[in-house]
Amino acid sequence: MTSRKPDEPLARNSRLRLVRPRALATARRAVTTRRTRPAPRPPEGTPPRAELARQARQVLADAVRLARWAAVERGAETALRTGAEPAPARERAAAALNLTPGQIRACWDRARLAGLVELHGDAVRPGWRLHAWDRDDSAVLRGWVALFDAWSLVHPAPEGVEPSAVAEVVEAVPQVLSLLQLSQGPVLVPALLDLLGQRVEELREERCEVPAAGPAPETGGAPGTHGLPTLLDWALEGLAAVGALTLDPGTDGRHATLTPLGNWAVWVKLEQICVAAQSPAGNIEQSAEDMLRGCARLTPGPARDEYRAWLAARTLSSAVTELLAVARGEDALLRGLAFEALRVVGAPAEAEVRATVAEPSLRPYALLWLAEYDGADPDDAQEVLTREEATWLWVDTAAAVADHGESALLVRHLDSAVQGTVPALLDEVRAVGHPRTVQVLVALAAAHPDPALAKAVRRAAFQVHTGGA
């Protein structure tokens, strides 16, 4: 390629930054935006947000104390994180905070799940929610809801129970919480057990599972659900441990009652499901791919609401698997949106997202996800990418724009590349090996108004197509 003077169009000297939210926003403009809905009002009798935040602060008070202690006691974080034995750091924390080592372990898990601490490789640092804890009620409530969503991770499942049975109960618990919320008062545990058994049977029928031969055990519950009493106790105790409900003996038998915090959280999730079900696309009932296509028409805020509603109607493990399956597809726009939805999932998705780092097509998205999960600012997260990975992501985003957008957007996308000049960009795009490179370059050449630049881009597309240098 011949050299050109710095003031000629081909030598574009503007610094080109690849910032994930902006790149995705560029792709989003390829589809229409739907009008947002007014925020629904909580049920009558729901405490004000300030009171709910006060209760959430009370639930997480010891976790906050531990997170603040760890922020001061540098060097203690790794031992607290790993739970290694012996653990002098945990013993020091227990002595300083007047807690037992077992309570310290539980508090550390809560702090991590609530976003009070952030993991950065082998190091741990205070999370942004910890910094905002005393002044931002929304941050407090979001932190508590994250803990509420992770109740099954806070309270270990009973030993000797099949993992599949535990997963069924976790999937069925939202039905139990809905009954408690609609009852607006205490509900006897046997009634909750009947409902849980029915829901587990429905889930098995939906999966077309054939029940085991032979009569059902006589230990109570629906057929094939003889282990449910123990698992229901585990679930209720786990939800009580995070402050979502209370368990009382009662004169007529043991009963459960949602706390104001739990009642509010269940209402929020039910409202999200209802809102999504009323959307034109019917996202709550759609597959992950169709849901993401529907959310592509939304701005980021309403889209996150749709993600939350879709996730609330599914087990997190199956939802994460489905989202990653979409991300592995050919549609680059859906790939980016799938990782946006995985950001809403948060901690439960970490292991599966981390595993995708080894997949070239998902690696840049996974690295950005992990960087933000570890506390990096979204505008700075791209620093974790190598030049090659950033270029691959630029091509992938350009493919999304080419598939769903207008030519003007593709031209503007040129300014989001990490390379300082178009010749440098073309050299690296040719070398990166993205499967859509030729189509992206051809579309860019057709869209760009500068004839010299368009000619250079077409030449690069031809070289990639023919395998030339």
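Buried means under 20% relative accessible area, exposed over 50%, and partly exposed in between (1.4 Å probe, protein chains only). The views below show a predicted model, in which local features need pLDDT of at least 70, side-chain atom pairs count only at pLDDT 80 or more, and totals for chains, interfaces and linings use all residues. Residues are numbered from 1 along each chain as its sequence is written, and side-chain values use heavy atoms, with hydrogens and water left out.

**View A. Glutamine 184 lies in the loop between α10 and β3.** Helices (H or I, at least four residues) and strands (E, at least two) are DSSP runs, numbered from the N terminus. Phi of glutamine 184 is near 55°, a positive value in a residue other than glycine. Is glutamine 184 buried or exposed? With 72% relative accessibility, glutamine 184 counts as exposed.

**View B. Asparagine 98 sits in the loop between α5 (88-97) and α6 (101-113).** This residue, which is not a glycine, has a positive phi, near 60°. Asparagine 98 counts as exposed because its relative accessibility is 71%.

**View C. Strands β3, β5 and β4 form an open sheet of 3 strands, in the order β3-β5-β4, with antiparallel pairing.** Strands β3 and β4 stand at the edges with a single partner strand each, so one side of each has no neighbour in the sheet. Two strands pair if DSSP finds at least two bridges between them. Strand β3 (residues 187-188) is joined to β5 by 2 bridges, and strand β4 (residues 245-248) is joined to β5 by 4 bridges. Histidine 255 in β5 is the bridge partner of leucine 188 and also the bridge partner of aspartate 248. The hairpin of β4 and β5 has 6 residues between the strands, and glycine 250 there takes a positive phi near 70°.

**View D. Strand β5 (residues 255-258) is covered on both faces.** In a regular strand the side chains alternate between the two faces of the sheet. His255 and Thr257 are on one side of β5, Ala256 and Leu258 are on the other, and all are buried. Helix α10 (residues 163-183) lies across β3, β4 and β5, and runs at about 75° to β5. Contact means heavy atoms within 4.5 Å; axes are lines fitted to C-alpha atoms, for helices over the stretch in contact, and angles run from 0 to 180 degrees between N-to-C directions.

**View E. The whole structure holds 4 aromatic pairs, among them tryptophan 144 with phenylalanine 148.** The ring centres of tryptophan 144 and phenylalanine 148 are 5.3 Å apart and the planes are at 10°, so the pair is stacked. Rings of Phe, Tyr and Trp (its six-membered ring) pair if their centres lie within 6.5 Å; planes under 30 degrees apart count as stacked, over 60 as edge-to-face and the rest as tilted. Both residues belong to helix α8 (residues 137-149), 4 residues apart, about one turn of the helix. Tryptophan 144 is buried at a relative accessible area of 0%, and phenylalanine 148 is buried at 4% relative accessibility.

**View F. Tryptophan 369 and tyrosine 373 are a stacked pair, because their ring centres are 5.3 Å apart and their planes are at 15°.** The two residues are 4 residues apart in helix α19 (residues 363-373), so about one helical turn separates them. Tryptophan 369 is buried, with a relative accessible area of 2%.
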